[in-house]
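Dear colleague,

Please find below the structure I am handing over to you, with its sequence. A summary of the findings follows it.

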Amino acid sequence: MKKLLNYINGELKAPAGGKYLDNYDPSRGKVYSLIPDSGPEDVEEAVKAAQAAFGEWSTKTAKERSEIMMRVSQLIDKNREHLAKAESLDNGKPLKLARTVDIPRARDNFAFFATAILHDEDPFYNMGTAGFNYTLRQPIGTVGCISPWNLPLYLFTWKIAPALAAGNCVVAKPSEVTPMTAFLLSELCIEAGMPAGVLNIVHGTGPGAGQAMVEHPGVKAISFTGGTKTGEHIARTAAPMFKKLSLELGGKNPNIIFADCDFEKTLSTSVLSSFANQGQICLCGSRIFIERPIYEKFRDAFVEKVKKLQVGPPLEESSKMGAVVSKPHMDKVLSYVELAREEGGTVLYGGERVPQAGEFSEGYYLQPTVIEGLSYDCRTNQEEIFGPVVTLTPFDTEEEVLRMANSTNYGLAATIWTQNLNRAHRVASEVQSGIIWINCWLVRDLRTLFGGMKASGVGREGGYEALHFFTEPKNVCLQY
Ligand code: NDP
């Protein structure tokens, strides 16, 4: 069975304690590889390597750093089919999705930040005859990047790339649930000639390797994407050490549909925004609010379309949905369907496992699930499920839908469907979310800021926001 290795000081290494964890293929429900169960000793070694590499990496010119990062980007592109297959196997997502979204985006993350540093400017404040100020943005040193399992290489590189581009050295931990493409990335970094110690990838559990990174005094900033509870815990550990923190956390996103929407576009995009990646995207719209005049028409058309979504083995081209990521996650999603029933909801479609034949019979396949008849403030409508489950709720007025949309602790993303431009912008300004899409979903320009408010996070990623997070700004004032 394949054993993954840590990537420390430019080398692939077994964990210091010699212990490994099982890595599951969710499409078959079987262990298919082993990953290092790293601990504080491995993190210590990685931090030391990063500290030793910092002097040389941080003093390279932007162009030199850019060239090395572009080589990584090009190697991701060259190996895209291999990486897409690995991502699909490790996560359970349809190969088509990994091929068209995850891997191209990982390639673009490296290319985007590698070129952004060539164009960044630092502010200059002229005080006329008195003198001037300028801002120096300097790399922080060794930083920690921790990412989740839903978009493994996509989110891992979304953190690592700006950190490296800004001149930092990185100790990174992918989710233990989906470690494979991070391991393959370490091989590509070696091939690209990334200097030893600049990027270190330590595999293992959150409480083991992750906690050791957050606690390590040598790790000066933490960029974390994951669940809100984990984010709270990380903030409690890191805040008293005055570490810089970027937290991208959970969501319970509203999808607000007014009666004057472009019906067909709204319908097809809402099916995607509900069930893409088995509903395991932090930006999925899990609460669908529909204006009453079109409620029944939309509901019936939505359910008809959802019934046609093919759930099956991720490598099969016909599969529109694959397996959810793990057995515990599948059980959690099913427990929420049960809760919805207890709370008085009607399951219009789904709510069950989808049996598969042969080698896939133990896989974690779930039906896309549509529920109506719940109050907006019940637990099903307030807590993050992070799976293929959406609720439908009618509304009568703009005020009412805003109250319901803003009722959760979360504030990550929202989608608004209407042809009325005034209303679109008014609602966009009132919805408590860091990211708003009007008449579209998941349209991304990497220059734009990305992140949530309330319990969905602290800080923003994307564009110069991400690049600047990984620097320590310093004002320099000179008087003539
Ligand atoms: P978790 O919070 O469980 O884990 C995220 C990462 O943190 C994993 O690498 C995990 O390791 C690690 N971790 C866990 N405990 C600790 C700890 N004590 N110290 C340091 N690291 C730790 O999230 P999931 O992986 O389950 O991801 C799903 C969540 O991510 C959802 O809530 C989703 O909304 C959110 N998310 C948010 C996004 C955003 O941009 N706002 C984007 C994508 C997802 P391990 O896996 O090994 O336990």
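The buried residues of α13 pack against β13 (253-257), β14 (285-291), β17 (389-395) and α14 (421-430). Here, buried means under 20% relative accessible area, exposed means over 50%, and partly exposed covers what is in between, with a 1.4 Å probe and protein chains only. Contact means heavy atoms within 4.5 Å. Helices (H or I, at least four residues) and strands (E, at least two) are DSSP runs, numbered from the N terminus.

Please note that this is a predicted model, in which local features need pLDDT of at least 70 and side-chain atom pairs count only at pLDDT 80 or more, while totals for chains, interfaces and linings use all residues. Residues are numbered from 1 along each chain as its sequence is written, and side-chain values use heavy atoms, with hydrogens and water left out.

Helix α13

The residues of α13 that are buried are Glu398, Glu400, Val401, Leu402, Met404 and Ala405. Because six of the eight residues of this helix (residues 398-405) are buried, α13 is largely enclosed by the rest of the structure.

The protein as a whole

The protein contains 15 helices and 23 strands. For 480 residues, a compact globule would have a radius of gyration near 23 Å, and the value of 23 Å for the protein agrees with this. That radius is taken over C-alpha atoms, and the globule rule is 2.2 Å times the number of residues to the power 0.38. Along the principal axes, the C-alpha atoms fill a box of roughly 65 × 65 × 40 Å.

Of the 480 residues, 58% count as buried. Among contacts with a separation of 6 or more, 74% are accounted for by residues 24 or more positions apart. The accessible surface comes to about 19,000 Å², and 54% of this surface belongs to carbon and sulfur atoms; the areas come from the Shrake-Rupley method with a 1.4 Å probe, and for residues only the protein chains shown count as cover.

There are 50 positive and 55 negative side chains, and the centres of the two sets lie 2 Å apart. Lys and Arg count as positive and Asp and Glu as negative, with His and the chain ends not counted. Each charge is placed at NZ of Lys, CZ of Arg, CG of Asp or CD of Glu.

Helix α6 (residues 180-192) has 13 residues and spans 19 Å from its first C-alpha to its last, close to the 18 Å expected at 1.5 Å a residue. The expected span is 1.5 Å times one less than the number of residues in the helix. This helix is mostly covered, with 10 of its 13 residues buried; among them are Met180, Phe183, Leu184, Leu188 and Cys189. Gly193 follows α6 and has a positive phi, near 80°.

In helix α8 (residues 228-238), the buried residues are Thr228, Gly231, Ile234, Thr237 and Ala238. Their cover includes β8 (142-146), α7 (206-215), β11 (221-225), β12 (244-248) and β18 (410-411).

Trp417 is placed in strand β19 and is buried, with a relative accessible area of 2%. Leaving aside neighbours within four places in sequence, Trp417 is in contact with residues including Asn255, Ile257, Phe258, Lys265, Thr269, Asn439 and Cys440. The C-alpha atoms of Trp417 and Asp262 are separated by 7.6 Å, although these residues are 155 residues apart along the chain.

Gln419 is found in the loop between β19 (413-417) and α14 and is exposed, at 51% relative accessible area. With neighbours within four places in sequence left aside, Gln419 is in contact with Asp260, Cys261 and Asp262. Gln419 and Phe386 are 33 residues apart in sequence and 29 Å apart in space, C-alpha to C-alpha.

Asn9, in the loop between β2 (6-8) and β3 (11-13), has phi near 55°, a positive value in a residue other than glycine. Asn9 counts as partly exposed, at 40% relative accessibility. Lys454, in strand β21 (residues 453-454), is another residue other than glycine with a positive phi, near 50°, and counts as partly exposed at 36% relative accessibility.

Lys307 lies in helix α10 (residues 295-307) and is partly exposed, with a relative accessible area of 40%.

Yours sincerely
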